[in-house]
Amino acid sequence: MALHPLHGLVEQLETQPIIFIGGKGGVGKTTTAAALASYYASQQQKTLIVSTDPAHSLGDVLNVRLNNETTVISPYLDAIELNPEVIVDEHFAQVERTIKAYANPDMMPKIREHLRLSKSAPGAQEAAMLESMCHHLVEAADAGYEHIIFDTAPTGHTLRLLVLPEMMGAWTDGLLAQQRRQAKLRSVATHLDSHNQKNDKNDVANPFAAKKSDRWEQAVSVLEKRKQLFRQAGLLLHDRTQTAIVLVMTADVLPLAETKRAIEQLEDSKLMPAAIVINQLISTAQSDEFWRRRAERQQHLLHDIEQSFTKYPLYPIYLQQTDVRGTDALSALLSV
Ligand SMILES: Nc1ncnc2c1ncn2[C@@H]1O[C@H](COP(=O)(O)OP(=O)(O)OP(=O)(O)O)[C@@H](O)[C@H]1O
Ligand SMILES: [Mg+2]
């Protein structure tokens with residue numbers, strides 16, 4: 001299977017509401033994501049681009065300073081750069097509010113200290129980012145976007161994010177089951193207790209006990225909501241009419257090896273990439289010996305790439321003379 005013309009990519013993804021751009025570090029994920037977003041916006045399709053990469057490259061590519069809130073880039077293009085530190089702070093503030101609602105107030109200083117330390121625990125930022133991404137994913141359709149494009153951090157991280165909703169769902173299930181068992185035990189204990197106290201004079205329902213069960217309900221409802229969010233996000237990610245995963249690579253040995261591994265992992269999780277972009281290709285018509293050799297080397301690797309990924313459409317993006325920045329230049333990159 002040969003390379004498809006690049007305009008085929010924008011046509012193929014035209015009806016996809018959710019597009020994830022993944023790939024090894026430095027291959028051109030941000031450029032591809034921003035190019036797609038700029039192109040659709042130029043076609044008056046309302047588009048949101050979300051960067052999950054803390055390196056601020058999306059803002060640099062769009063020539064705009066971005067943050068966690070929606071920034072309007074042009075009438076049809078909005079952008080968000082998720083900052084893991086801000087998100088993790090917001091996430092833990094939310095956790096603290098939830099715990100406060102049902103914990104013994106005397107325990108709060110200890111709990112606060114525990115939460116403060118948890119913020120820097122491994123995986124905390126990832127979990128907070130995941131939840132935030134899932135929110136954007138689920139809310140984007142309601143917000144009236146025709147496309148939401150995720151410019152992600154390098155491969156391993158993205159794959160974990162794509163697979164995590166299921167794991168988090170299972171984890172929340174475990175927590176809920178545990179909570180239910182405890183509730184059952186508690187109700188048996190309360191029953192026995194009230195049985196013992198039947199003849200007591202103060203046979204009035206304990207107001208604190210009632211409050212406690214309310215608080216428990218609240219905690220469960222937070223977990224249920226989170227579970228629901230991950231479930232919805234998981235369903236969206238696995239629905240190929242909704243989500244397209246585009247892998248970007250260059251025609252080099254290491255990106256080829258990494259893309260093969262990424263595809264195996266995706267397929268294991270029943271997530272199939274929709275397309276593969278081969279970026280930074282050099283045209284073979286070169287007079288300079290150095291560039292001609294590089295172009296030939298790429299052609300050799302292209303052969304391996306075509307053999308390796310027979311199931312997926314391959315689209316080329318050619319190496320430009322300079323970095324591609326600004327929405328006009330970006331969308332022009334795909335208009336060839
Ligand atoms: N087709 C191209 N022609 C010219 N320059 C390109 C092309 N694609 C990408 N670049 C340049 O290569 C560099 C890396 O690209 P980009 O930031 O898009 O990669 P990335 O995969 O997002 O990197 P990271 O893994 O660091 O997020 C940038 O300077 C970008 O401008
Ligand atoms: Mg990037």
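Me: What makes the crossing of helices H4 and H6, whose axes come within 9 Å, a case for an angle class?

Reply: In this predicted model, the axes of H4 and H6 (residues 124-142) cross at roughly 85 degrees. H4 is therefore roughly perpendicular to H6, the class for angles of 65 to 115 degrees (under 35 is roughly parallel, over 145 roughly antiparallel, the rest oblique). Axes are lines fitted to C-alpha atoms, for helices over the stretch in contact, and angles run from 0 to 180 degrees between N-to-C directions. Helices (H or I, at least four residues) and strands (E, at least two) are DSSP runs, numbered from the N terminus.

Residues are numbered from 1 along each chain as its sequence is written, while chains are lettered from A and ligands numbered from 1 in the order in which they are written. Because the model is predicted, local features need pLDDT of at least 70 and side-chain atom pairs count only at pLDDT 80 or more, whereas totals for chains, interfaces and linings use all residues.

Me: Which residues of H4 and H6 meet, and how do you know how they divide by class?

Reply: Pro-84, Ile-87, Val-88 and His-91 of H4 meet Ala-124, Gln-125, Ala-128, Met-129, Glu-131 and Ser-132 of H6. Two residues are in contact if their C-beta atoms, placed from the backbone, lie within 7 Å. This contact holds six nonpolar, three polar and one charged residue. Ala, Val, Leu, Ile, Met, Phe, Trp, Tyr, Cys and Pro count as nonpolar, Asp, Glu, Lys and Arg as charged, and the others, Gly among them, as polar.

Me: Why are H2 and H11 called roughly perpendicular to each other?

Reply: H2 and helix H11 (residues 327-334) pack at an angle of about 95 degrees, with their axes 7 Å apart. The two helices are therefore roughly perpendicular to each other. On the H2 side the contact involves Ala-34, Ala-35, Leu-36, Ser-38, Tyr-39, Ala-41 and Ser-42, and on the H11 side Thr-327, Leu-330, Ser-331, Leu-333 and Leu-334. The contact of H2 with H11 comprises eight nonpolar and four polar residues, and no charged ones.

Me: Why does Asp-151 count as buried?

Reply: Asp-151, in strand E5 (residues 147-151), has 27 C-beta neighbours inside 10 Å and therefore counts as buried. A residue is buried with 20 or more other C-beta atoms within 10 Å of its own, exposed with 12 or fewer, and partly exposed in between; C-beta atoms are placed from the backbone. Beyond four places in sequence, the contacts of Asp-151 include Lys-29, Thr-30, Ala-34 and Ile-49. Buried residues make up 32% of the 336 residues in the chain.

Me: What makes Lys-227 and Glu-90 partly exposed?

Reply: Lys-227, in helix H8 (residues 207-238), has 19 other C-beta atoms within 10 Å and is therefore partly exposed. Glu-90, in helix H4 (residues 84-102), has 14 such atoms within 10 Å and is likewise partly exposed. The C-alpha atoms of Lys-227 and Asp-173, 54 residues apart along the chain, are separated by 7.5 Å. Those of Glu-90 and Ala-128, 38 residues apart along the chain, are separated by 8.6 Å.

Me: What makes up the largest nonpolar core?

Reply: The largest nonpolar core has 65 residues, and Ala-34, Ala-37, Ile-49, Ile-149, Val-246 and Val-277 have the most contacts inside it. The largest share of this core, eight residues, comes from H2. Such a core is a set of buried Ala, Val, Leu, Ile, Met, Phe, Trp, Tyr and Cys residues joined through C-beta atoms within 7 Å. Not counting residues up to four places away in sequence, Val-277 touches Leu-9, Thr-32, Val-246, Val-248, Tyr-315 and Ile-317.

Me: How many residues surround ligand 1, and which are the closest?

Reply: Ligand 1 is surrounded by 19 residues, the closest being Lys-29, Thr-30, Thr-31, Gln-320 and Asp-323. Helix H2 (29-42) and strand E7 (273-281) are the elements that give two or more residues to this shell. Membership requires a C-beta atom, placed from the backbone, within 6 Å of the molecule. H2 gives the most to the shell, with three residues. The shell around ligand 1 divides into six nonpolar, 10 polar and three charged residues.
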